[in-house]
Amino acid sequence: MSGSTTKAAKAYFGRRYALSASHRLHVDALTAEENRAAYGKCNNPHGHGHNYVVEVMVAGPVGSETGMVINLVDLDRVVNERVVERFDHRNLNLDPAFECKVPTTENFSLVLVEILRDALPEGSIEHLRIEETENNFFECCGD
Amino acid sequence: MIFLTRRATFSASHYYWNEAWTAEKNEAVFGRCANRNGHGHNYTLEVTVAGEPDAVTGFVVDLKWLKDVMEREVLAGFDHRHLNLEVEEFGQGKLIPTTENIAIVAWKRLEPAIRKAAGAQLSRVRVYETPEIFAEYRGGE
C-alpha cells in the first residue's frame, strides 16, 4: 500500500444494531405515587417494549494495510455476542445489570459502554448511542 | 458556532484488496468484500461545515454553493463509478476504498474548496455505506 499521507489518519467507524426488549421504569425507593409521577406510562406494572437501535462508534488510526479503523466482522462479533444475544427479546429488568439499577435508556447506554469497553481495544469507543424510538435517543462517551 | 450539514447520495462499486497480500490473506481479512468482481452500495455523503452566520444573509454558507462544491469535488467523480478503477486515489496499489478511506478522500477533495471560498471551515465528513455502517473523518492525524 502507498497512500502514506493518510496512513496515520484518525477516523471513526460507526455501526448500528437493532434489538427489541421490554422494560419497566420503577424504583423501589420511591412510593407508588412517586414512581407514577416520575415515570408516567413507563411505570405501568407489566412493562412495555421498544425496538432499540444501538449505535457504536469506534475511533482509531486507519490501518495502512487494511484501510480500516476496525474490521466490521470483529466489531459485529463482539457486539452480537455481548450485547445483542444478551438483551434482544429479553426483559431488561431481569438482567443482572439492572438488579439494582432502573433500566432507563440512559442507564442502558452506560451498561453497554461498560460491557463493550472490556471487549474492544482500549480507549477505542468514541460514543455509544441508543435510540429508544425514532424521537428519543441517548448518547454517552466511551471513557 | 453553528454546524451546518448537507447530505448527498451516490452509488458506486468497489472491492477491498491489498496487493501486498496473498489471495488467501485478502479473503481472510476482507471476506466477501475481496471479491474482485466488485459489489456496490448506495452511499450517503454528509458534509458538516462550522462557522458563524453571516451578518447580512444569516447563512453559515450558502447551501446551494455547498451542494455544488460536493457535486464538483466528490459526486462527479464517484457517482456510478467503480471506485477502484475510476477514482485516482483508489487506483491499484493506492488506498483501499473502505468507508474510512472514502471519508478521508472526500475530506481532502472538499477542504481546500471550502477553505478558499467560504467564511466557514470543514468540520466533519461522514460516509454511510449502508444505513447501518458509516465512517467519519474530522481532519488531522
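**A walk through chains A and B**

In chain A, take the contacts between residues with a separation of 6 or more: 68% of them join residues 24 or more positions apart. Keep that number in mind while reading on. The model is predicted.

Start with the outline of chain A. Its C-alpha trace spans about 65 × 25 × 25 Å along its principal axes. The chain has 143 residues, and 26% of them count as buried. Its secondary structure comes to 3 helices and 5 strands. Read along the sequence, the pattern is β-α-β-α-β-α-β-β.

Now follow strand 1 of chain A. This strand covers residues 10-23. Which way does strand 2 of chain A run beside strand 1, parallel or antiparallel? The two run antiparallel, and 14 bridges join them. Strand 2 covers residues 48-61. One pair to look for is Lys10(A), which stands opposite Pro61(A) in strand 2.

Strand 1 of chain A also pairs with strand 3 of chain A, residues 90-91. Here the strands run parallel, with 2 bridges between them. Find Ser22(A) in the structure. Its bridge partner in strand 3 is Asn91(A).

Strand 1 of chain A reaches across to the other chain as well. 5 bridges join it to strand 5 of chain B, and these two strands run antiparallel. Tyr12(A) has Glu136(B) as its bridge partner in strand 5 of chain B. Phe13(A) stands opposite Ala135(B) in that strand.

Next, look at the contact between the chains as a whole. How many residues does each chain give? Chain B gives 21 residues and chain A gives 22 residues. On the side of chain B that touches chain A, two elements give two or more residues: helix 4 (99-117) and strand 5 (133-137) of chain B. Strand 5 of chain B gives the most, with 5 residues. By class, this side of chain B has 10 nonpolar, 6 polar and 5 charged residues.

Stay in chain B and turn to its helices. Two packed helices are described by the angle between their axes and the distance between the axes. Helix 2 of chain B, residues 63-78, packs with helix 4 of chain B at an angle of about 140 degrees. Their axes are 9 Å apart. Because of that angle, helix 2 of chain B counts as oblique to helix 4 of chain B. The crossing is right-handed. Helix 2 of chain B brings Val69(B), Met70(B), Glu73(B) and Val74(B) to the contact. Helix 4 of chain B brings Ala106(B), Arg109(B), Leu110(B), Ala113(B) and Ile114(B). By class, this contact has 7 nonpolar, no polar and 2 charged residues.

Finally, return to chain A and find Val102(A). This residue lies in the loop between strand 3 and helix 3 (105-119) of chain A. Why does Val102(A) count as buried? It has 22 C-beta neighbours inside 10 Å, and the cut-off for buried is 20 or more. Leaving out residues up to four places away in sequence, Val102(A) touches Leu25(A), His26(A), Val27(A) and Asn107(A). Look at Val27(A) in particular. Val27(A) and Val102(A) are 75 residues apart along the chain. Their C-alpha atoms are separated by 6.5 Å.

Conventions: Residues are numbered from 1 along each chain as its sequence is written. Chains are lettered from A and ligands numbered from 1 in the order in which they are written. This is a predicted model: local features need pLDDT of at least 70, side-chain atom pairs count only at pLDDT 80 or more; totals for chains, interfaces and linings use all residues. Two residues are in contact if their C-beta atoms, placed from the backbone, lie within 7 Å. Helices (H or I, at least four residues) and strands (E, at least two) are DSSP runs, numbered from the N terminus. Ala, Val, Leu, Ile, Met, Phe, Trp, Tyr, Cys and Pro count as nonpolar, Asp, Glu, Lys and Arg as charged, and the others, Gly among them, as polar. Two strands pair if DSSP finds at least two bridges between them. Axes are lines fitted to C-alpha atoms, for helices over the stretch in contact, and angles run from 0 to 180 degrees between N-to-C directions. Angles under 35 degrees count as roughly parallel, over 145 as roughly antiparallel, 65 to 115 as roughly perpendicular and the rest as oblique. A crossing is left-handed if the near helix is turned anticlockwise from the far one by less than a right angle, and right-handed if clockwise. A residue is buried if 20 or more other C-beta atoms lie within 10 Å of its own, exposed if 12 or fewer, and partly exposed in between; C-beta atoms are placed from the backbone.
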